[in-house]
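Hi there,

Here is the structure I promised to pass on.

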Amino acid sequence: MTICAPSSVRWPRSGLIPEPMAEPNLRFAPMYWGGMSLLFLIVVLAGVFVIAQQHQQQLQEARRHAQGELNLIGLLARESLRKNDYQTVENFIRSWGQEHEEVVMLKAITANGFVLGHYRREQPANYPHTASKWVQYSYTGSLHLELEKDFQRLHEQFWLLLLQFALGSFLFLLALGQYV
């Protein structure tokens with residue numbers, strides 16, 4: 001007597017060849033893509049929040065750095081003005097502006113309105129930040145320093161990072177969707 005398996009039972013052909021995949025159930029496809037879209041939206045919004053916080057911290061640090069630059073310029077200008085070396089201040093202001101590409105404008109003006117040094121680049125700032133400082137160099141003499149910097153590079157880095165994160169999230173979730 002021979003025992004036969006019913007035709008509804010699928011027996012593996014061999015241990016090396018995988019079973020053919022079952023036909024996809026298209027009835028749940030809208031729910032699947034809706035869930036993946038919702039997951040993508042949540043991941044991107046969380047990433048945007050983190051990246052925006054990081055960008056704000058970078059802007060605050062750049063503002064502190066600009067003020068630190070003014071403190072240094074003021075210290076060097078004070079020493080030259082105490083020696084009545086006005087030409088050094090003028091040359092220093094011009095060379096500082098030329099050496100730092102993010103500097104849009106740098107000027108030094110005495111309390112009576114005399115411009116000791118001035119630098120301005122040709123291109124205007126796209127994302128300007130202005131910092132100023134008063135420097136006392138003698139009992140009656142003071143100097144007003146004003147610095148304008150362009151934070152365009154920080155903003156470009158921010159948008160590039162956002163784009164990279166969104167694209168990376170999309171590709172990751174697309175790859176994840178292949179295995180789910």
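**Aromatic pairs**

The count of aromatic pairs comes to 3, where rings of Phe, Tyr and Trp (its six-membered ring) pair if their centres lie within 6.5 Å, and planes under 30 degrees apart count as stacked, over 60 as edge-to-face and the rest as tilted. One of them joins phenylalanine 92 and tryptophan 96, a tilted pair with 5.7 Å centre to centre and 55° between the planes. Both residues lie in helix H2 (residues 86-99), 4 residues apart, about one turn of the helix. Helices (H or I, at least four residues) and strands (E, at least two) are DSSP runs, numbered from the N terminus. Phenylalanine 92 is partly exposed at a relative accessible area of 21%, while tryptophan 96 is buried at 12%. For these words, buried means under 20% relative accessible area, exposed over 50%, and partly exposed in between (1.4 Å probe, protein chains only).

Another pair is edge-to-face: phenylalanine 158 and tryptophan 159, with 5.1 Å centre to centre and 70° between the planes. Phenylalanine 158 counts as buried at 13% relative accessibility, whereas tryptophan 159 is exposed at 53%.

A word on the source: this is a predicted model, in which local features need pLDDT of at least 70, side-chain atom pairs count only at pLDDT 80 or more, and totals for chains, interfaces and linings use all residues. Residues are numbered from 1 along each chain as its sequence is written, and side-chain values use heavy atoms, with hydrogens and water left out.

**Fold and sheet**

The protein has 3 helices and 4 strands, which follow the pattern α-α-β-β-β-β-α along the sequence. The strands make an open sheet in the order S2-S1-S4-S3, with antiparallel pairing; two strands pair if DSSP finds at least two bridges between them. S2 and S3 are the edge strands, each pairing on one side only.

Going across the sheet, S1 and S2 are joined by 5 bridges, and lysine 107 stands opposite histidine 118 in S2. H2 packs on the sheet, touching S1, S2 and S4, and its direction makes about 15° with that of S2. Here contact means heavy atoms within 4.5 Å, and axes are lines fitted to C-alpha atoms, for helices over the stretch in contact, with angles from 0 to 180 degrees between N-to-C directions.

S1 and S4 run antiparallel and share 7 bridges, with isoleucine 109 partnered by histidine 144 in S4. In S4, leucine 145 is the bridge partner of lysine 133. As for cover, 8 of the 9 residues of S4 are buried.

**Core**

Which residues touch the most other members of the largest nonpolar core? They are Ile93, Leu106, Leu143 and Leu145, in a core of 19 residues. Such a core is a set of buried Ala, Val, Leu, Ile, Met, Phe, Trp, Tyr and Cys residues joined through side-chain atoms within 4.5 Å. H1 gives the largest share, 5 residues. Leucine 106 touches, among others, Leu70, Ile73, Ile93 and Trp96, leaving aside residues up to four places away in sequence.

Across the whole protein, 29% of the 180 residues count as buried.

Best wishes
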